[in-house]
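Thanks for making time this morning.

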Amino acid sequence: MKNEMLAMILAGGKGTRLGKLTQKIAKPAVPFGGRYRIIDFTLSNCANSGIRNVGVITQYQPLALNNHIGNGASWGLNGINSGVTILQPYSSSEGGKWFDGTAHAIYQNIAYIDEMDPEYILVLSGDHIYKMDYEEMLEIHKKNDASLTVAVIEVPMKEASRFGIMNTDENDRIIEFQEKPENPKNNLASMGIYIFNWQQLRSVLLNSYSKDDQMLDFGKHVIPSYLDSGENVFVYRFAGYWKDVGTIDSLWEANMEFIDPSMNLDIRDKNWRVYSKNTISPPHFLTEAASVKESLIVDGCYVAGEIERSILSNDVQVKEGTTIRDSFIMPGATIGKNVTINRAIIGENAVVGDNTVIDGTEEIGVVGDSETIGVTIDED
């Protein structure tokens, strides 16, 4: 069946900069915003943009991500002519198929893409928080008769050296690409979102690997190759909210921004719904002693303490005498009595014992998934 555009989500990242939060799960599966996981935003963008078939390329600790996505029903991607396919590394007669880079991951899944038979392929990262209409980007791609379109966003010049920077002419055609330059010429940062004409990209990858000139990465290898070949390569300018939540600081900031009423975030737009796996929890319960200010409390929570400017994900327990400020508490965490938590991220199913103090004033405090702190275990 012919597809106009197939989405391929790169979701195999280890997320080492998130430390203990990604020791057991891939970065795209990390919880966000009380009700979601990071990959929900990319999957929801696909669903809202009318993309019916999505391949999700996994690698590191894929179990939680696989269970979360399932058959794609939560995003309406389980119809007769739609679906989500989980694509994991595999072995063949030629040996192992471990993915060595973003472009290599696409190369290793050529058979799947050919089966979908798309005219265009949309390559996405599964670890960014944003809302984007990919159909609008495709229209720009067609209008420019482009071989490749790269989504870009303007970043502060002082941060531009952290990104791949696109230098363009007056028509938004890319004339130079700089990978994390010390002295950037502008602030148009690549978002890691690409639209390719599939047959052309397919030929480029096959030709490269047949000559052992392996194009492992889109930023380092494929984009420079397209530019050197004189291909029509253009930018698509994006102006909405976008956050790379690859560090503890950025993950904490994004969650705090998500509940900040002073920020008019388009990711809260009810006309562009963010979907997630359907879960069933009882209503949250606040005791008479509870106090909640400027916070998000999700289903299944029990709260007997003071919560201010914080997010409590589903099934979190906060016992009496506890104060939580400017923090993100992931699903299933249990917070004991008389605990003080300030500027912190508490992992899934973590246990924080009575009278514990977690002060992230100077550096964001972190408790890992299923980690237990401040609990004394009696030894007989």
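Which element gives the most to the lining of the second largest pocket? Before I answer, please keep in mind that this is a predicted model. The answer is helix H2, which gives 3 residues to that lining, while strand S2 (31-32), strand S3 (36-37) and H2 (63-69) each supply at least two. The pocket holds about 590 Å³ of space, and of the 25 residues that line it, Arg35, Ser276, Lys277, Asn278 and Thr279 lie nearest its centre. By class, that lining divides into 9 nonpolar, 10 polar and 6 charged residues.

Let me turn to the rings. The structure holds 12 aromatic pairs, and I will go through two of them. For Tyr36 and Phe258, the ring centres are 6.2 Å apart and the planes stand at 90 degrees, so this pair is edge-to-face. The pair joins distant parts of the chain, with Tyr36 in strand S3 and Phe258 in helix H8 (residues 248-258), 222 residues apart.

Phe196 belongs to strand S13 (residues 188-197) and Phe218 to helix H7 (residues 218-228), 22 residues apart, and both Phe196 and Phe218 are buried.

Finally, there is a charge to mention: the charged end of Arg343 sits over the ring of Trp252, 4.6 Å from the ring centre.

Definitions and conventions:
Residues are numbered from 1 along each chain as its sequence is written. This is a predicted model: local features need pLDDT of at least 70, side-chain atom pairs count only at pLDDT 80 or more; totals for chains, interfaces and linings use all residues. Side-chain values use heavy atoms; hydrogens and water are left out. On a 1 Å grid over the protein atoms alone, a cavity is a set of points where a 1.4 Å probe fits but cannot get out, and a pocket is an open set with protein on both sides within 12 Å along at least five of seven lines; lining residues have an atom within 4 Å of a point. Grid points are joined across faces, edges and corners, and a volume is the space filled by probe spheres set on the points. Helices (H or I, at least four residues) and strands (E, at least two) are DSSP runs, numbered from the N terminus. Ala, Val, Leu, Ile, Met, Phe, Trp, Tyr, Cys and Pro count as nonpolar, Asp, Glu, Lys and Arg as charged, and the others, Gly among them, as polar. Rings of Phe, Tyr and Trp (its six-membered ring) pair if their centres lie within 6.5 Å; planes under 30 degrees apart count as stacked, over 60 as edge-to-face and the rest as tilted. Buried means under 20% relative accessible area, exposed over 50%, partly exposed in between (1.4 Å probe, protein chains only). A charge sits over a ring if NZ of Lys or CZ of Arg is within 6 Å of the ring centre and within 35 degrees of the ring normal.
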